[in-house]
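Subject: Structure handover

Hello,

Here is the structure we discussed, with notes on what turned up in it. Please look it over before reading on.

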Amino acid sequence: MVSRLVLGCGTTGHALVEHLSQRRGELFVLDGDASRVESLRNEKVAAEVRDVTDPAEISGLERDVDVVLVATDGAAANRLAAEAAREVYPDAELVAYLGFEATSDDREALDAVADRVVDPGAAILDHVEAVATAEGSEKLQALRTTLEAIDGTLGVFMHDNPDPDAIATAVGLSRIAAEFGVETEAYYFGEISHQENRAFVNLLDLDVRNVEVGEELDFDAVALVDHSAPGVNDQLDPETEVDIVVDHHPPNDDVDADFVDIRPDLGAASTILVEYIRGFGLDVETEVATALLYGIRVDTDDFAREITTDDFEAGAWLLDRADTDVLERIESPSVSADTLDTIARAIRNRELDGSVLASCVGAISDRDTLAQAADRLLAMRGVTVTFVYGYTEGTIYVSARSRGSDEDLGAVLRSAFDEMGSAGGHADMAGAQLPLGLFDDVDEEAEQTLTEMVEDVVATRFFEAIRGG
């Protein structure tokens, strides 16, 4: 275990001690000011009153010293303290802070005895340059400018029937907006029917609102998260003017908004929000951090699907701030009878073509069960692509998954179904929604016939697209 000795505890030294006290290893501080030493002891930091410029005073500590950090505020005192430290602890690594109002002689003297010299002026310039030239700095400024220009409430719209990544992104953007004095309302159409997603929202008590088509909503600006076009996978008017778009899905068309950040290479939209939160230096609440971590985990299949370094880094940053006990409770909900029934029908009705499996489950009451069925069937031996579909309330829903396949499922579904409805997604996780049209009016007696018609059209177009791809 490394043992660190800090000589001097002025403004800079105290900030250094606060940082070091959170790290592994032993920490001991010497300072000539009795009140500072008393203050450090009150903070549970080992400290003694000594003249740090006198070799006799800083010796005889009866402890090993691996690293000496010289950190008084004065340049002259640091020069003398560094010389004393080198004399008493010749084998220790010596890091010296140059201090304020240093002369060239002070700098030369420290360079002669210290292993490293920290120049406050150079350090500030390096930091400023790093911040100013960072790739994300322009985006930070652009998002800030857009938020500060909003007069009123920002409506943050998730896509219909939102998944954890969409919900977390909405919550994260709302947190950032609050930092700049912008009130938000996080909206979604449809329902949160997946049992884990319901547990996710309820256990974290996330402030998201379910709204109906035609309901009068109170917002003055619009943000779209985890999707990029109004009227496509949400119930907004397609002509709605959009202020902010944050997404990680490849758009089908040009995206028109004051601020747009779409990164299809990332595993989750939540990762983008983490970058902004870190860039703005925000101290996020536990529920927000937990939500964002869960959003990344779900969309990357627990860091196993289309993961990037940015996703890993975002997850690592969130881990210390998230409530992992709540995450365990979210991931252990009871499975509904509807889910088990849909999975059973998907297994029973499966149609295999090589390693590609398609299955029509017919009428469904919960569209989220399709994604769970597609995930479960992907575990079957020899299967690399699953394509599960069913219909409810006038719409055919499709959920597709792949593993170890060269197929780009998002492109395959767009090729097969874009002209019939909406389709898209990633290479290994995609979906589509197709209107049933006149067939929606058939009665229960004709359900079997309807299922066969849906199966004939949907499966045929899917297999043609994937074989042609």
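**Cavity and pocket**

The lining of the largest cavity splits into one nonpolar residue, three polar and four charged. The model is a predicted one. The residues that line this largest cavity are His 248, Gly 267, Asp 299, Arg 305, Glu 306, His 426, Asp 428 and Met 429. The space in the largest cavity comes to about 40 Å³, and the structure holds one cavity of 30 Å³ or more.

The second largest pocket contains about 520 Å³ of space. Its lining is made up of 23 residues, and those nearest the centre of the pocket are Asp 160, Asn 161, Gln 235, Glu 393 and Tyr 397. By type, the lining of the second largest pocket has six nonpolar, eleven polar and six charged residues. Strands β16 (395-402) and β18 (429-435) each supply at least two residues of that lining. The largest share comes from β18, with three residues.

In soluble globular proteins, nonpolar side chains tend to be buried together. Here the largest nonpolar core has 55 residues, and the ones with the most contacts inside it are Leu 147, Leu 154, Met 158, Ile 167, Ile 176, Phe 200 and Ile 244. Helix α8 (residues 164-179) gives the most to this core, namely eight residues. There is also a second, separate core of 28 residues, which includes Ala 358, Phe 387, Ile 396 and Ala 430.

What does Ile 244 touch, leaving aside its neighbours within four places in sequence? Ile 244 is in contact with Leu 143, Thr 146, Leu 147, Ile 150, Leu 154, Leu 173, Val 222, Ala 223, Leu 224, Ala 257 and Phe 259, once those neighbours are set aside.

Thr 146, one of the contacts of Ile 244, lies in helix α7 (residues 137-148). Is Thr 146 buried or exposed? Thr 146 has a relative accessible area of 12%, so it counts as buried, the cut-off being under 20%. Apart from neighbours within four places in sequence, Thr 146 is in contact with Asp 243, Ile 244, Asp 258 and Phe 259.

Thr 324 lies in helix α13 (residues 324-330). Thr 324 counts as partly exposed because its relative accessibility is 37%, and the partly exposed class lies between the buried limit of 20% and the exposed limit of 50%. In sequence Thr 324 and Thr 290 are 34 residues apart, and in space their C-alpha atoms are 7.5 Å apart.

**Salt bridges**

Side chains of opposite charge can pair when their charged atoms come close. How many salt bridges does a search of the whole structure find? The search finds 17.

Arg 86 forms a salt bridge with Asp 115, with the closest N and O atoms 3.1 Å apart. This pair links distant parts of the chain, 29 residues apart: Arg 86 is in helix α4 (residues 75-88), and Asp 115 is in the loop between α5 (104-113) and β6 (116-118). Asp 115 is partly exposed, at 48% relative accessibility.

Arg 144 and Glu 148 form a salt bridge in which the closest N and O atoms are 3.2 Å apart. Both residues lie in helix α7, four residues apart, which is about one turn of the helix. Arg 144 counts as partly exposed at 36% relative accessibility, and Glu 148 is partly exposed with a relative accessible area of 47%.

Asp 375 forms a salt bridge with Arg 401, and here the closest N and O atoms are 2.9 Å apart. This pair also links distant parts of the chain: Asp 375 is in helix α15 (residues 368-377) and Arg 401 is in strand β16, 26 residues apart. Strand β16 is one of the strands that supply lining residues to the second largest pocket. Asp 375 is partly exposed at 39% relative accessibility, whereas Arg 401 is buried, with a relative accessible area of 8%.

Finally, a network of salt bridges links Arg 175, Glu 179 and Glu 285.

Regards

Terms used
Residues are numbered from 1 along each chain as its sequence is written. This is a predicted model: local features need pLDDT of at least 70, side-chain atom pairs count only at pLDDT 80 or more; totals for chains, interfaces and linings use all residues. Side-chain values use heavy atoms; hydrogens and water are left out. Buried means under 20% relative accessible area, exposed over 50%, partly exposed in between (1.4 Å probe, protein chains only). Contact means heavy atoms within 4.5 Å. On a 1 Å grid over the protein atoms alone, a cavity is a set of points where a 1.4 Å probe fits but cannot get out, and a pocket is an open set with protein on both sides within 12 Å along at least five of seven lines; lining residues have an atom within 4 Å of a point. Grid points are joined across faces, edges and corners, and a volume is the space filled by probe spheres set on the points. Ala, Val, Leu, Ile, Met, Phe, Trp, Tyr, Cys and Pro count as nonpolar, Asp, Glu, Lys and Arg as charged, and the others, Gly among them, as polar. A nonpolar core is a set of buried Ala, Val, Leu, Ile, Met, Phe, Trp, Tyr and Cys residues joined through side-chain atoms within 4.5 Å. A salt bridge is a side-chain nitrogen of Lys or Arg within 4 Å of a carboxyl oxygen of Asp or Glu.
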